[in-house]
Amino acid sequence: MSRSAPRVCTARADIERVVALIAALPAHGHVVLRLRDGSTCAGVVRVRGSAGVFRDPQGLEGMNAGIILECPDAPGAARHVWLDQVEHVEHLDSALGGEN
């Protein structure tokens, strides 16, 4: 697995926000994410994200986490989302209560 990320978090507040997002995005949860660039993406979280140490393109070491969203309307279609780019999470189901 590659240990590089497009961006890394080094400030405590940014790291805490990413960790909180991990808890808010359960495996199998159907969500809509609003990203920092204003776009949205919707899907089902394939696997709950986990925080890791990465290096950005400039070699700076820091923390980030990613998830993979599967599109329920397009079998096999998936999108990787870095959690540092998520501004808001909207839950479309109650998956937090039923995660395995």
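Q: What makes the five strands with the order 6-5-2-1-7 an open sheet, and which are its edge strands?
A: In this predicted model, the five strands form an open sheet in the order 6-5-2-1-7, with antiparallel pairing. Two strands pair if DSSP finds at least two bridges between them, strands being DSSP runs (E, at least two residues) numbered from the N terminus. Strand 6 and strand 7 are the edge strands, since each pairs on one side only.

Q: How do you know that strand 1 and strand 2 pair?
A: The pairing criterion is at least two bridges; strand 1 and strand 2 have five, in the antiparallel sense. One of the residues involved is His30, whose bridge partner in strand 2 is Val44.

Q: Why is the pair of Phe54 and Trp82 called edge-to-face?
A: Rings of Phe, Tyr and Trp (its six-membered ring) pair if their centres lie within 6.5 Å; planes under 30 degrees apart count as stacked, over 60 as edge-to-face and the rest as tilted. The ring centres of Phe54 and Trp82 are 5.3 Å apart and the planes stand at 90°, so the pair is edge-to-face.

Q: What makes Arg3 a charge over the ring of Phe54?
A: The definition requires NZ of Lys or CZ of Arg within 6 Å of the ring centre and within 35 degrees of the ring normal. The charged end of Arg3 sits over the Phe54 ring, 4.5 Å from its centre.

Residues are numbered from 1 along each chain as its sequence is written. Local features need pLDDT of at least 70, side-chain atom pairs count only at pLDDT 80 or more, and totals for chains, interfaces and linings use all residues, while side-chain values use heavy atoms, with hydrogens and water left out.

Technical notes: Helix = DSSP H or I, 4+ residues; strand = E, 2+ residues; numbered from the N terminus.
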